[in-house]
Amino acid sequence: MAKECLIFSVTILAFISAVCSIDDKCSACNAIAEELERGLMKERPRNHLDMRHRLDSKGQREGKVIDYRVSELRVVELLDGLCDKMQDYTLEKVDSETQVWIKVHNWDILKINKQVAKAYAKDISSFCGRLLEETEDELSELIKKGTVKVGDVNKVLCEDLSKYCRQTSAGYGDDNDVDGEL
């Protein structure tokens, strides 16, 4: 019984440390929003989706044609693999107090320890998974409605939906989670 309690306690502590592994959730959310915005910018114009695959008794195709911009397919293409792309990010120290998430194009020329950098990459990737799990339904609907546009992703994802970044009276603040971490 004591062994089971110990295992349970260790499991809970591991889960809590994984959830809290990202200190500046606003900065991490902004990096994720930046990657989603890249996906929006790379989108090419697409034809409508023809869902008329059945023939009626007169030989006419029946079904509907869906605008790609409001389709579930577009949402899946934008969000699928987003968190995998976050494994190309790591935390870089700007000065003694400031750290920013950067996209790494070549892991071999990094100035910081590669193992530490890869650990940060795993952290932001798992944070991305949790963020999408929390906001996916609302984010999907906003993408389909056309509310999520290039230049507005940070506000929609990080301020409106997840609330990891809050707007201050002086403009956009870098407020952290309620815990006041970092």
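In the predicted model, the axes of helix 2 and helix 5 (residues 114–145) come within 11 Å and cross at roughly 70 degrees. Angles of 65 to 115 degrees count as roughly perpendicular, and helix 2 and helix 5 are therefore assigned to that class. On the side of helix 2, the contact is made by Lys 25, Ala 28, Cys 29, Ala 31, Ile 32 and Leu 36. Helix 5 contributes Ile 124, Phe 127, Cys 128, Leu 131 and Leu 139. Sorted by class, the residues of this contact comprise ten nonpolar, no polar and one charged.

Helix 2 (residues 25–42) also packs against helix 3 (residues 72–79), at an angle of about 130 degrees and with the axes 9 Å apart. That angle makes helix 2 oblique to helix 3. The crossing of these two helices is right-handed. Leu 36, Gly 39 and Leu 40 of helix 2 meet Arg 74, Leu 78 and Leu 79 of helix 3 in this contact. Its composition by class is four nonpolar, one polar and one charged residues. Leu 36 is listed in the contact of helix 2 with helix 3 and is also listed in the contact of helix 2 with helix 5.

Leu 79 lies in helix 3. Its relative accessible area is 7%, and Leu 79 is therefore classed as buried, the limit for that class being under 20%. Apart from neighbours within four places in sequence, Leu 79 is in contact with Leu 36, Leu 132, Glu 136, Leu 139, Ser 140 and Ile 143. Of these partners, Leu 36 belongs to the helix 2 side of the contact with helix 3, while Leu 139 belongs to the helix 5 side of the contact with helix 2. Leu 79 and Gly 39 are 40 residues apart along the chain, and their C-alpha atoms are separated by 8.7 Å.

Ser 27 is placed in helix 2. With a relative accessible area of 12%, Ser 27 is buried. When neighbours within four places in sequence are left aside, the contacts of Ser 27 are with Gln 99, Val 100 and Trp 101. Strand 6 covers residues 99–103 and runs antiparallel to strand 5 (residues 89–93), with five bridges joining the two. A hairpin of five residues connects strand 5 to strand 6. Within this pair, Thr 90 has Ile 102 of strand 6 as its bridge partner. In a regular strand, side chains alternate between the two faces of the sheet.

Gly 146 is found in the loop between helix 5 and helix 6 (153–161). A relative accessible area of 28% makes Gly 146 partly exposed, a class that lies between the limits of 20% and 50%. The C-alpha atoms of Gly 146 and Arg 69 are separated by 7.5 Å, although the two residues are 77 residues apart along the chain.

For the chain as a whole, six helices and eight strands are assigned. Their order from the N terminus is α-α-β-β-β-β-α-α-β-β-α-α-β-β. The chain has 182 residues, of which 31% count as buried. Among contacts in the chain with a separation of 6 or more, 58% are between residues 24 or more positions apart.

How values were computed:
Residues are numbered from 1 along each chain as its sequence is written. This is a predicted model: local features need pLDDT of at least 70, side-chain atom pairs count only at pLDDT 80 or more; totals for chains, interfaces and linings use all residues. Side-chain values use heavy atoms; hydrogens and water are left out. Two strands pair if DSSP finds at least two bridges between them. Helices (H or I, at least four residues) and strands (E, at least two) are DSSP runs, numbered from the N terminus. Axes are lines fitted to C-alpha atoms, for helices over the stretch in contact, and angles run from 0 to 180 degrees between N-to-C directions. Angles under 35 degrees count as roughly parallel, over 145 as roughly antiparallel, 65 to 115 as roughly perpendicular and the rest as oblique. A crossing is left-handed if the near helix is turned anticlockwise from the far one by less than a right angle, and right-handed if clockwise. Contact means heavy atoms within 4.5 Å. Ala, Val, Leu, Ile, Met, Phe, Trp, Tyr, Cys and Pro count as nonpolar, Asp, Glu, Lys and Arg as charged, and the others, Gly among them, as polar. Buried means under 20% relative accessible area, exposed over 50%, partly exposed in between (1.4 Å probe, protein chains only).
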